[in-house]
Amino acid sequence: MGEVSGKVRVRFAPSPTGTLHVGGVRTALFNWLFARHNGGVFILRIDDTDPVRSKPEHLANIKESLRWLGMDWDEGPDVGGPAAPYFQSEKLGRYAEATEKLLAEGKAFHCYCTAEELEAKRQQAARLKAAPRYDGRCLTLTAAERDAFVREGRKPAVRLRLEEGPPLVLEDLVRGRVEFPREMFDHFILVRSDGKPVYNFVSAIDDADHGITHVIRGDDHLSNTPKHMLVASALGFPVPRYAHLPQILGLDRARLSKRHGAPGVLELRDEGFLPSAIINFLALLGWSYNDHDELFSPTELMEKFDLGRVGSAPAVFDEKKLLWMNGHYIRQGSAGAIYPELERRVREAFDTPAARDQAYVAAAIRLVLEGLKTTTEVVPATEFFFRDEIAWEEEAKKKLVGWPGVAGILAGVKAIIAGAEPFTPERLEALFREGADKAGLKFKDYVHPTRFAVTGRMAGPSLFHLMEVLGRDRCLGRLAAAEAAVKAG
């Protein structure tokens, strides 16, 4: 294993047992921002010691999610690094070596208790309303007793030998001072009887091997931290600084998780969310810069991020806020990187000559841009620009058919459109006002039926601007279709 530098080193260590969801990404993001802010190293480590549940497709999802968000890692899969390997499945020999060291030094011992015996002890503790604890019975086995168990075919687990002492103290960078009384720990398992090392054991070894200076993770890991600290101390490793991030709740105040509504990163991508919006939104789930600023680019977040501004109170995943933020970034980026994505979605959705007219597509997108909250919304928002026969909203059709004097209004509008020169929003609006006045009607009596007729909708972008984009011929054709709809009732 190579030498690692003395700078800040953090890690994101997902298990490839499922897709990467927003809770995991928030953890990755805070690590990434902390590393970038401090000129440190962000490591992607893969905790894949569960061969049954670990899948290549899940690993691919994790890497694609992080890359799509722009969260590059300095060491890890595909990029290597001085502390390789970065897969736990490639370090089984290293864990066995650490196990033997602890056994040889008397800091660990073999436990021959069967699962049935341990379960009986747990049930007895439950009846006594006591916390289940391993009683240390295998600490005092004689050589003869151990040989007898071996002859029975028992496979021993390996447990860490713990001594009584003062509380274990954690100076958490988010939660402050946390004390763990020694009596809350028993001689916990390091290696199961089937030979598989447990998470708390291998994670502490990996953190030391990778030179991790700060462990930043969700507060659901707080109960694991003292075990990590005890393993590190037993092996003579430096103990990293810890920061436990506040939990993320749904609007129902239940903890957000894979099983409880936490969306996957690539799901959000497919639903039309942008990386910049997701990063900005997740950064505010637990961190704040001040009481009023909410919009930060990734670069600004790198500059401003500080663990001292992370709170311990739970954060709420508010999708309405994410939608608002996403709409902001769509409009902000519409002239650059976002426009091709909007254009792609339009072209894929509509196989018509109009959808292949780049200038027409661009004009249609510009008109609906202000109302978009996701990039997927561009398809329904622009549909009436690209369909030869528009899909009527039921309420719009009812309004059109029932509008007082609608036949005369449509005839007047057709005459205006046929003769409007130039065919611009300003000229159309002036002619509509003039026509309404001559007919003794209100301006809205010309505007609303025309909107229903040419778009089939109750609302949308500026009528006169969308008419300019649709063009004279399309508008006249749709007015004729509207007249037929009115006659048909």
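A charge sits over a ring if NZ of Lys or CZ of Arg is within 6 Å of the ring centre and within 35 degrees of the ring normal. This is a predicted model, in which local features need pLDDT of at least 70 and side-chain atom pairs count only at pLDDT 80 or more, while totals for chains, interfaces and linings use all residues. Residues are numbered from 1 along each chain as its sequence is written, and side-chain values use heavy atoms, with hydrogens and water left out.

Two such contacts are the following.

| Charged residue | Ring | Distance to ring centre |
|---|---|---|
| Arg159 | Tyr134 | 3.7 Å |
| Lys304 | Tyr289 | 4.5 Å |

Tyr289 also takes part in an aromatic pair with Phe296, which is edge-to-face, at 6.1 Å centre to centre and 80 degrees between the planes. For such pairs, rings of Phe, Tyr and Trp (its six-membered ring) must have centres within 6.5 Å, and planes under 30 degrees apart count as stacked, over 60 as edge-to-face and the rest as tilted. Tyr289 counts as partly exposed because its relative accessibility is 28%, whereas Phe296, at 2%, counts as buried; buried means under 20% relative accessible area, exposed over 50%, and partly exposed in between (1.4 Å probe, protein chains only).

A stacked pair is formed by Phe350 and Phe386, with 5.2 Å centre to centre and 20 degrees between the planes. Phe350 and Phe386 are both buried.
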